[in-house]
Amino acid sequence: MFAGFDVAFSKSLAGVREKTAAGAVVSLLAYAFMLCLVVSEFIFFQDVQIVEKLELDVSPGAETVAIYVDIEFYELPCEAVHLHYRGQHHSKVMEDFSPEFRKTPTADRKVGCRLEGTAHARKVPGLLQVSPVNADEFNRGAKSVTYESLQRFNASHHIHDLAFGEIFPGMERPLRGKTGVKSDGMYQYQYQVKVVPTTYAGLYRPAVASNQYSSTYYYKKSIGDDNPLASFGILNHVEEPGFFLRFQFSSIKIHKEEVKHAWSEFLTSVCAILGGVYAAAEFLDVVLHQTVLAKKID
Ligand SMILES: *[C@@H]1O[C@H](CO)[C@@H](O)[C@H](O)[C@H]1NC(C)=O
């Protein structure tokens, strides 16, 4: 009784070798299935993963950083836009970066200015400020600036982009696309940025040493109707309106690396697919053959 099964099984195996029509269909289906699996495995294999590692940044202050700025001021004419930089160790000097930047008047409006360019600064805590006064006036104590001109300094803006260093795929720069608009007076638009040195090693291109950042902000009214001194033109008591970007550098460094799956992984998967599908097809063929035999016996 038990041996009877065995005979049927070996006979059906012989049937496979006989090249039946059912066997052909099973084989074709098996090949198609193998192909699908191998292709999908290949697509998965192509997939690039990004591995992140944290390290201590051992050389703070030693390098410079290229700060890319692209900001549009809605209400300021270009001649009123001055970009200053102040670094931690030379706080008295206020460099005016304005000449190094491209200033484009907003085309579709009467006022408005788009400021775009790269400031090269030391890798120390610093401040980038867009101010109504130029560097000379600033160093002279802003005496030539009138209360009226400050009162008109509406620094409402849109940050098209802000990046510290070369841009790489998936770079975190949250202030990109940020709009700051206040309607109830003149403001100090204050942004605090924590810059995190980041190296990014791509699979097919040289590694870039760049930075990412996180940010917080607050907007502070600079000249209010509630400030009695200001209305008398006593500017010392007025915090000048404008755009302020304070940044500092993290001592933790991020290393990002693109990695691919190993070829051996792919080959192992392909072997598993070929073997598995072959075995399954053979089994299916045996079952089909047995069913046909059983029908014939009936
Ligand atoms: C400043 O400019 C913005 C953008 O044009 C505007 O919405 C806002 O009302 C202005 N603020 C004041 C106090 O005029």
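**View 1. Surroundings of Ala-155.** Leaving aside neighbours within four places in sequence, Ala-155 is in contact with Phe-73, Leu-76, Val-130, Tyr-187, Tyr-189, Pro-241, Gly-242 and Phe-243; contact requires C-beta atoms, placed from the backbone, within 7 Å. The model is predicted: local features need pLDDT of at least 70, side-chain atom pairs count only at pLDDT 80 or more, and totals for chains, interfaces and linings use all residues. Residues are numbered from 1 along each chain as its sequence is written.

**View 2. The largest nonpolar core.** This core has 35 residues, of which Val-81, Leu-83, Leu-115, Ala-155 and Leu-245 touch the most other members. Two or more residues each come from β2 (64-73), β3 (82-87), β6 (113-122), β7 (126-131), β8 (157-164), β10 (186-201) and β12. The largest share, 6 residues, is that of β10. A nonpolar core is a set of buried Ala, Val, Leu, Ile, Met, Phe, Trp, Tyr and Cys residues joined through C-beta atoms within 7 Å. A residue is buried if 20 or more other C-beta atoms lie within 10 Å of its own, exposed if 12 or fewer, and partly exposed in between, with C-beta atoms placed from the backbone. Helices (H or I, at least four residues) and strands (E, at least two) are DSSP runs, numbered from the N terminus.

**View 3. Phe-243 in strand β12.** Strand β12 covers residues 242-249 and holds Phe-243. Phe-243 counts as buried because 25 C-beta neighbours lie inside 10 Å. Not counting residues up to four places away in sequence, Phe-243 touches Gln-129, Val-130, Ala-155, His-157 and Tyr-189. Val-130 is 113 residues from Phe-243 along the chain, yet their C-alpha atoms are separated by 5.0 Å.

View 4. Cys-78 sits in the loop between β2 and β3. With 17 other C-beta atoms within 10 Å, Cys-78 is partly exposed. Its contacts, apart from neighbours within four places in sequence, are Lys-103, Pro-105 and Cys-113. Arg-102 is 24 residues from Cys-78 in sequence and 9.8 Å away in space, C-alpha to C-alpha. Arg-109 belongs to the loop between β5 (102-105) and β6. Arg-109 has 9 other C-beta atoms within 10 Å and is therefore exposed.

**View 5. Helix α2 and the annotated segment.** Helix α2 (residues 21-46) has 26 residues and reaches 38 Å from its first C-alpha to its last, close to the 38 Å expected at 1.5 Å a residue; the expected span is 1.5 Å times one less than the number of residues. The number of buried residues in α2 is 1, so the helix lies largely in the open. An unreviewed UniProt entry places the feature "transmembrane region" at residues 21-45. UniProt positions follow the numbering used here, feature names are shortened, and annotations may be inferred rather than shown by experiment. Over residues 21-45 the chain is 100% helix and 0% strand, with the end C-alpha atoms 36 Å apart.

**View 6. Helix α6.** The 35 residues of α6 (residues 263-297) should span 51 Å at 1.5 Å a residue, and the end C-alpha atoms are 51 Å apart, which agrees. Val-277, Ala-281, Asp-285 and His-289 of α6 are buried.

Conventions
Contact = placed C-beta atoms within 7 Å.
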